[in-house]
Every structure is written in C-alpha cells, then in structure tokens.
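Open the model in your viewer and keep the selection tool at hand. We will go from stop to stop, and at each one you will hear what to select and what is there.

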Amino acid sequence: MLKITFHGHSSVQLGTEEKSLIIDPFLRGNELAVTKPEDIKTDAVLLTHAHMDHILDAEPIAKANHAKVVAIVELATYMSWKGLDTIGMNMGGTVDLGFAQAKMIQAFHTSGIVLEEEQRIMYAGLPAGYIINIGGKTILHAGDTSLFGDMKMIGDRHDIDVALLPIGGHFTMGPEDALQAAEWFNAKLTIPVHYDTFPIIRQDAERFVQQLAEKGLEGCVLAPGQSLTL
C-alpha cells in the first residue's frame, strides 16, 4: 500500500504503513495549504531545488522528525550548515533510504538561495526531479521544469505508476507542455502540481485532467490535504 498526500504547491508526501517521505515542503508560505509543518510526521525530506517555495519548511520538519534531508550536494551542504542530517547526491545517482530508493533525474529550471540582506544569490546546485521506488510503486516527481526531450527516454526506461507534473506556467511548463510530458512519461496516473499557489500560476487543473483523458491518459486532481491510496 502506498498513500500519496498532496500538501499544495509541489509538496507531496509518500507513505507506506510504517514510513514516509515528503518532497519540497512549503506550507507556511502557502495560503492554500491546510497542514502545518508541526503536523508533518516523516522519515525523510527530499528537495528538488533551492527556491524558497520548495525548501521553506524543510528545516523545521527535518529537525522535529530527526529526518534525513536528501538534495543535490550543494543544497545538502547548505542544509547541513543548519544542523540537519543530510545526504548529498547528484544527477543519475540513487539514494537508498531503506524503505524507499530515490534516483535523481534532471530538470530544466534554476536553483539558488536569495540572500536579501546581502543582495546576492547563492548558488545551490542544479535543479532536479526524482524517481522514487516506495511501497512497490514507482513515483516520478518532475520538480520545477520546462519540457525537454529526454522525458521520453525516462518514460521508456521506467515503468512509472504516478507522475507528479508542474502545470502552472510562467516559472515551469504550463498545461500544454505538461500534456506532452505526460505522454512521454507514460505513467499510469498523472497528478498536476505547482499551480494556483500564486495568481501568476493559476490554472484549471480539472481541464488538464480532461485533456489527459482525451489522449487516453488517466489523471487525478488532489486538493491540498487530500490523499489517494494505491
């Protein structure tokens, strides 16, 4: 059994009966989120990149749960400076968490930490996505990304049960490109993420799922706080 819980924006929690991991926790800064950081119980925190709308609640959640933080090596190093137990990795590598295995895949985006007081941006490695094997299922979290041709290769090489794809546009691919990505990944189920959090990324997720169906693909919209079980 695998439980998938959408916490809003790109934050998704994957859990078996005994263990769980959370990806890109962003709760305090998301008005649509219905869960607070202190409500999260997890064994690992996976980060796709360093933008604040993906790492804001990583520190409090990791510290409260004594959870490992998995990220690309530069971001993992930054998180270790905050006293967190980190696992740094890089593209193509796989981390074995015991209850789950996470392979890092590429994403086309940017990644940096804005230091407002110093008026500079700190390099934080490359942005990424993950292919996660957990609870007998294969879950792809694309991270923040545009459309790129190797998505088809990734889909051809992996039997993906669920693909979590950004559809918000402006900062990531929008619905049209996400439809193509869904075709290439060819997952059994596609769930849209990274939309509606801010006015500039408002999208019609239900329409996106309808368009998936028109292409013979299954999709599902989850509201913040909503779960499904595979």
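Is Asp-196 buried, exposed or partly exposed? Asp-196 is partly exposed, with a relative accessible area of 28%; buried means under 20% relative accessible area, exposed over 50%, and partly exposed in between, with a 1.4 Å probe and protein chains only. Its phi is near 70°, a positive value in a residue other than glycine. You will find Asp-196 in the loop between β14 and α6, where helices (H or I, at least four residues) and strands (E, at least two) are DSSP runs, numbered from the N terminus.

A word on the model before moving on. It is a predicted one, in which local features need pLDDT of at least 70 and side-chain atom pairs count only at pLDDT 80 or more, while totals for chains, interfaces and linings use all residues. Residues are numbered from 1 along each chain as its sequence is written, and side-chain values use heavy atoms, with hydrogens and water left out.

**Next, select His-9.** This residue is in the loop between β1 (3-6) and β2 (12-15). His-9 is not a glycine, yet its phi is positive, about 55°. Here the side of the story is burial: His-9 has a relative accessible area of 2% and is buried.

**Now show the seven-stranded sheet.** This open sheet runs in the order β6-β5-β4-β3-β2-β1-β15, with mixed pairing; two strands pair if DSSP finds at least two bridges between them. At the edges stand β6 and β15 (227-229), each with a single partner strand, so one side of each has no neighbour in the sheet. From one strand to the next, the twist averages 20°. Zoom in on β4 (residues 44-46), which pairs with β5 in the parallel sense over three bridges. Val-45 has Val-69 of β5 as its bridge partner.

Color Leu-75, Ala-76, Tyr-78 and Met-79 of α3, which are buried. Look down the axis of α3: its buried residues fall within an arc of 160°, so they line one face of the helix. The arc is that of the directions from the helix axis to the C-beta atoms. Among the elements these buried residues pack against are α1 (52-55), α2 (58-65) and β9 (112-115), with contact meaning heavy atoms within 4.5 Å.

**Move to β9 and β10.** The two strands run antiparallel and are joined by four bridges. Ile-113 has Met-122 of β10 as its bridge partner. In this hairpin, with four residues between the strands, Gln-119 takes a positive phi near 50°.

**Finish with helices α5 (residues 175-185) and α6 (residues 205-214).** Their axes come within 10 Å and cross at roughly 40°. That makes α5 oblique to α6, since angles under 35 degrees count as roughly parallel, over 145 as roughly antiparallel, 65 to 115 as roughly perpendicular and the rest as oblique. To see the contact, select Pro-175, Ala-178, Leu-179 and Ala-182 of α5 together with Phe-208, Gln-211 and Leu-212 of α6.

Notes: Axes fitted to C-alpha atoms, helices over the stretch in contact; angles between N-to-C directions.
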